Amino acid sequence: MTTYLDSPDPVRHHLTEDDLALAHALQLNGHASFTEIAAALGVSDQTAARRYTRLRTTGKLRVLGLTDPFRLGDLSWFVRVRSTPDASASIGAALARRTDTTWVSLTSGGTETMASVRSRGPGLEEPFLVRKLPRIPRVVDVSAHCVLHVFFGRDLGFINKSGPLTDAQVAALSPRTAGRSRTTAPGPVVLDAPDRLLLDLLARDGRAPVGELAAATGLSESTVRRRINDLRGEGVLYFDVDYHPDVLHRKVRIALWLEIDPARLAEAGESLAAHPAVTFAAAVTGATNLYANIQVDSPQLLYSYLTHTVSGLPGLRHTVTAPIHRTLKGPGPYSPSRDGTGGG
């Protein structure tokens, strides 16, 4: 598993317009064939494949097949670890090495490390990580916020709002299989061993050839195709594009914690999710019950965003902002068969 800590030479330049178009297409349908992508973009199959191979091998982006924890009966948490400044780097590195973490970032001037943690277990029992961290020297405080509802994220990325594709191209690339609603779907989906193995492989490479997936799982190619379609239709599997932090991020990134009147939480969350600057938004447990990631180009634009846009959210009571200084780990492999305790 590769994290941003041990990636080879960092990529220091932005994507070209052609690259952005391909990235937008992959975010819409990460498992579309290069023939489908090429037809929508107006290029040849070979050109589309060559561009993706270049972007993938140079570490600019990759497509991952990820799973929705809600559909598997798992829980997703934001864990915030406050520490002395000299300890944040080592704590962040340790969190990034764990198998149950994603989106590990250093925030608040290096005094806080934040990680998305996935756990399995009954009710809202805190993940094992939360019980372990306070025993680490120089850790000042640990808090955990369970994700209750995602307003923007998962299969929707920042490029869905800023990408260059036209409405016709978006329609052509949008998956034909409509997933079940996460709010009305029945109980958790139960996976068998071949499903778990298939999902493990897709979490490492969302565009792995069907032949390779069949050989690794012992299933036929037709069965692999059917299971991928079924898992997507059930809302278990979705495809996401993971970018190197230096490629697509804007200059100012902020973790935004909002306290919203509970009666207005759904309304505020939907409103926040529609903002162009928002890359992720979710309802969470805790006094600050709405969380979002924000990207803007300058501190001046952040000030304008906070004072004019955020201030107008319905039911807003309190706002906390935490600058994100460095991303140590993005989305990565997670095995639904693991117990979520990790190994770091």
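Predicted model: local features only at pLDDT ≥ 70, side-chain atom pairs only at ≥ 80, totals over all residues.

Colleague: How many helices and strands does the protein chain have?

Modeller: Helices (H or I, at least four residues) and strands (E, at least two) are DSSP runs, numbered from the N terminus. The protein chain has 13 helices and 10 strands. Of its 344 residues, 51% are buried, where buried means under 20% relative accessible area, exposed over 50%, and partly exposed in between (1.4 Å probe, protein chains only).

Colleague: Is helix α1 mostly covered or exposed?

Modeller: Helix α1, residues 17-28, is mostly covered, with 10 of its 12 residues buried. Among them are L20, L22, H24 and L26.

Colleague: At what angle do helices α9 and α10 pack?

Modeller: Axes are lines fitted to C-alpha atoms, for helices over the stretch in contact, and angles run from 0 to 180 degrees between N-to-C directions. Helix α9 (residues 210-217) and helix α10 (residues 221-233) pack at about 100°, their axes 9 Å apart. The angle makes α9 roughly perpendicular to α10; the classes are roughly parallel under 35 degrees, roughly antiparallel over 145, roughly perpendicular from 65 to 115, and oblique for the rest. Contact means heavy atoms within 4.5 Å, and here the residues include L213 and A214 of α9 with V224 and I228 of α10.

Colleague: How are α8 and α9 oriented to each other?

Modeller: Helix α8 (residues 193-204) packs against α9 at about 135°, with the axes 10 Å apart. The two helices are therefore oblique to each other. In α8, P194, L197, L198, L201 and L202 meet L213, A216 and T217 in α9.

Colleague: Why does S116 count as buried?

Modeller: S116 lies in strand β4, residues 112-119, and counts as buried because its relative accessibility is 11%. Its C-alpha is 6.3 Å from that of V79, 37 residues apart along the chain. Beyond neighbours within four places in sequence, the contacts of S116 include W77, F78 and W103.

Notes. Residues numbered from 1 in each chain as written. Heavy atoms only, no water.
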